[in-house]
Amino acid sequence: RIAAGPRVQFKGDPLTLQYYPGSGLRLQPLANFGEANALYNACKGINTQPGTPCEPDKLRALLDRLVATAAHRGGFLAWEYYFSFGGGTPPWVSGIATGSALSALSRSALLFKEQEQQQAPPAQPNGGSAPPGGLVPPPPASAPTGGSPSTGGSAPGARASDDAPTDQPPHDSAYYLDIARQALPVYQHSA
């Protein structure tokens with residue numbers, strides 16, 4: 001039987017790992033998506049202590065790291081556990097962790113969308129260069145949705161080259177919603 005041990009984080013990495021006897025340190029998707037949901041709640045003032053700061057950059061960093069750990073399983077994304085549990089063998093997927101992932105990704109996408117709209121430049125009277133409402137039009141249909149210049153809009157888990165600039169702009173809100181949509185099939189099958 002596995003008796004879970006302490007959870008740890010390494011300096012500079014937002015991911016939480018947990019020690020499992022006989023398996024070592026392993027990614028703990030439920031704990032990580034729980035943290036992402038808590039970061040979202042802080043931004044919205046939901047179930048948080050007064051004065052808890054909203055840290056959207058910390059939320060984006062955690063979600064980006066989690067997206068990079070997702071496994072591609074027959075057309076959908078999943079966050080796998082890599083140790084035996086309940087008589088099953090790895091890799092396995094938790095419906096509870098997947099539900100937490102969907103919640104964190106979709107709610108964070110809405111939060112980021114709200115922030116993008118608040119930061120959009122105002123519409124320019126007299127035919128200025130800003131589009132109506134100050135919002136940037138969507139990319140052409142042939143362009144990938146989401147992504148960033150460092151990944152070229154490629155699939156989750158794609159790595160930028162070592163010489164790529166590290167000051168890339170954050171993913172837009174649509175990126176996180178796309179990831180949630182890609183994870184939805186596993187949740188529907190496990191629920």
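Predicted model: local features only at pLDDT ≥ 70, side-chain atom pairs only at ≥ 80, totals over all residues.

Trainee: How far apart are the end C-alpha atoms of H1, and what span should its residues give?

Mentor: H1 covers residues 29–44, and at 1.5 Å a residue its 16 residues should span 22 Å, so the 23 Å between its end C-alpha atoms agrees with that expectation.

Trainee: Which residues of H1 are buried?

Mentor: Among them are Pro 29, Ala 31, Phe 33, Leu 39 and Tyr 40, and the buried set also includes Asn 32, Asn 37 and Asn 41. The elements against which the buried residues of H1 pack are E1, E3, helix H2 (56–69), strand E6 (80–81) and helix H3 (95–119).

Trainee: Pro 29, buried or exposed?

Mentor: Pro 29 has a relative accessible area of 0%, which is under the 20% cut-off, and therefore Pro 29 counts as buried. Leaving aside residues up to four places away in sequence, Pro 29 touches Trp 79, Glu 80, Tyr 81 and Ala 97.

Trainee: Moving to the core, which residues touch the most other members of the largest nonpolar one?

Mentor: Of its 28 residues, those are Phe 33, Leu 59, Leu 63, Trp 79, Leu 105, Tyr 176 and Ile 179. Two or more residues come from each of H1, H2, H3 and helix H4 (173–190), and the largest share, seven residues, is given by H3.

Trainee: What does Leu 105 touch?

Mentor: Not counting residues up to four places away in sequence, Leu 105 touches Phe 33, Leu 63, Val 67, Trp 79, Tyr 176, Ile 179 and Ala 180.

Trainee: Now the strands: how do E2 and E3 pair?

Mentor: E2 and E3 (residues 24–27) pair in the antiparallel sense over four bridges, with Gly 24 in E3 as the bridge partner of Tyr 20. Their hairpin has three residues between the strands, and Gly 22 takes a positive phi near 85 degrees there.

Trainee: And which strand pairs with E2 over two bridges?

Mentor: That is E1 (residues 7–8), which pairs with E2 (residues 17–20) in the antiparallel sense, and Arg 7 stands opposite Gln 18 in E2.

Note on methods. Residues numbered from 1 in each chain as written. Heavy atoms only, no water. Pairing = 2+ DSSP bridges. Expected span 1.5 Å × (residues − 1). Buried < 20%, exposed > 50% of the residue type's maximum accessible area, 1.4 Å probe, protein only. Contact = heavy atoms within 4.5 Å. Core = buried A, V, L, I, M, F, W, Y, C linked by side-chain atoms within 4.5 Å.
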